[in-house]
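Here is a short note on the two ligand sites. Please keep the structure open while you read.

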Amino acid sequence: MKDYKIVICGGGSTYTPGIVKNLLDVKDELAIRELWLYDIDGERQDRVARVVQAVVDANDPGLPLHVSTEPSEAFAGADFIMAQMRVGGLPMRIKDEQISLKHGVVGQETCGAGGMAYGMRTIFPMVELIDTCEKYAAPTYWIVNYSNPAAIVAKATYKLRPNARILNICDMPVEIEARMAEILNCPLSNLEVDYFGLNHYGWFTKVRCRGVDVTEQLKAHVREHGYLAAASMDDALVKDPDWAHTFKNSATITSLFTDYLPNTYWQYYLLPDACVAYMDINNTRGMQVVNGREKRVFAASDALARGEQIDLTQFYVGVHGAFIVDVVKSLAHDLRHRRLVIVPNNGAIENLSDDATVEVPAYLTDRGPEPVRVGAIPRFYKGLIEQQDACEGLIVEAAIEGSYEKALQAFTLNRTIPSAAVAKAVLDDMIEANQGYWPELR
Ligand code: NAD
Ligand code: G6P
Ligand code: MN
């Protein structure tokens, strides 16, 4: 069996110990020659790496773990690069959230003003990662990218590096599928979905369990309870009250718009007023992550440094890790697993432009994703999607051209922002806060 050099870019991420656990779970199906962690923040990465080493010791003690901040060694000959960089870190996430909320608009990591600000920060570091891989990695490398905002990253990288071997993915659809599986009492592996949209902006059009159409049954449940069932309450993600609230909130949208089942992220675009009312500027989601997930990883690392035992299972990230590992496996071994991924439209959604950046089912082959044609979509959904795709396209153009006006157009087009005046006020504060991260806008 061929073996692979795998690099986790953003090795200091809170998700790294969990993803490594998922990788080691399938070591008999995906042989690892070398496992590398790479990050621009060596100190942070070393702290997380201590926990990762414990995961390796517990699951595959012979495997050497390499930790580096030097691209020429980390990416040399790499086959798969799992990217999960957060440009500006959690402190900038919190700024994005708070600046937005100060102006009365949704303060969110990937949606609205926060998502656009994060996009402007991430475009060029992701292009740099591609250039690094082109230079040092194996010619057949694949970057499998989780780095957010994935919609904007995808659009920018297709435009700036059209030949790059990058596949952008999101765990939200599959997290929702995991909730569907709990609701239906159907194993996740027996569930098949049809879906169309943009990243964090899509709809499930059909759900089948073992080939039987269960869409209407599922809609009836989601209208009443959102994406939660009694069986969901044991899930690590659902135990987080903020996520439980999000999964529940899909009830409202499913009741209002009855054609399809929504991605949870629609709450920010279709119910922005309710989201703003729910959000707390003094306890944003980013702050919750710092005080929760991040604090736990650092505490565990410190405990390991003192020679104490820790409970590693708290870092196992379930579907999030399993999904990216499955994508890598499918690309490596031409498994043609049918998964929801982010791709240039090119006819997949018939009545959208070719250069839209869509999330649809695709068969994952060793040549990359082969997207499924999902046909034409109704006017309401087309209208929503075209508006958001234009917004994301304008952010990319604003970054490339250094155009203030295009950034203002993007902020104005976003559904979470009520007027051009508010758009300008938030944008101006974002420019101030993002000095050193954003390209200069004139
Ligand atoms: P985190 O801040 O804990 O970790 C991110 C790491 O990236 C940090 O160690 C940081 O130093 C590093 N980094 C920043 N810029 C970098 C660069 N240019 N090159 C290499 N490393 C760099 O963040 P997190 O909460 O663990 O999330 C990690 C990323 O994964 C974020 O972008 C997040 O939005 C994304 N994410 C995406 C999905 C998805 O569905 N696509 C799901 C979960 C998380
Ligand atoms: C889901 C989304 C990701 C997003 C994450 C945020 O997994 O698919 O794109 O980054 O949620 O979760 P958090 O717990 O950091 O708020
Ligand atoms: Mn996502």
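1. Start with the shell of ligand 1. Of its 25 residues, Ser13, Asp39, Arg44, Glu109 and Tyr118 come nearest. A residue is near a molecule if one of its heavy atoms lies within 4 Å of it.

2. The model is predicted: local features need pLDDT of at least 70, side-chain atom pairs count only at pLDDT 80 or more, and totals for chains, interfaces and linings use all residues. Residues are numbered from 1 along each chain as its sequence is written, chains are lettered from A and ligands numbered from 1 in the order in which they are written, and side-chain values use heavy atoms, with hydrogens and water left out.

3. Look at the oxygen atoms of ligand 1. A polar side-chain atom of Ser13 lies 2.5 Å from one oxygen atom. For Arg44, a polar side-chain atom is 2.8 Å from an oxygen atom of ligand 1. The protein buries 94% of the 860 Å² that ligand 1 exposes when taken alone (Shrake-Rupley method, 1.4 Å probe).

4. Now turn to ligand 2. The residues around ligand 2 include Glu109, Trp243, Arg285 and Arg293. Helix α13, residues 285-305, gives the most to this shell, with 3 residues (helices are DSSP runs of H or I, at least four residues, numbered from the N terminus).

5. Check the side chains at ligand 2. An N or O atom of the Arg285 side chain is 2.7 Å from an oxygen atom of ligand 2. For Glu109, a polar side-chain atom lies 2.8 Å from an oxygen atom of ligand 2. Taken alone, ligand 2 exposes 390 Å², and the protein buries 91% of that.

Terms used. A polar contact is a pair of N or O atoms within 3.5 Å; within protein, one must be able to donate a hydrogen and the other to accept it, and residues adjacent in sequence count only if both atoms are side-chain atoms. Helices (H or I, at least four residues) and strands (E, at least two) are DSSP runs, numbered from the N terminus.
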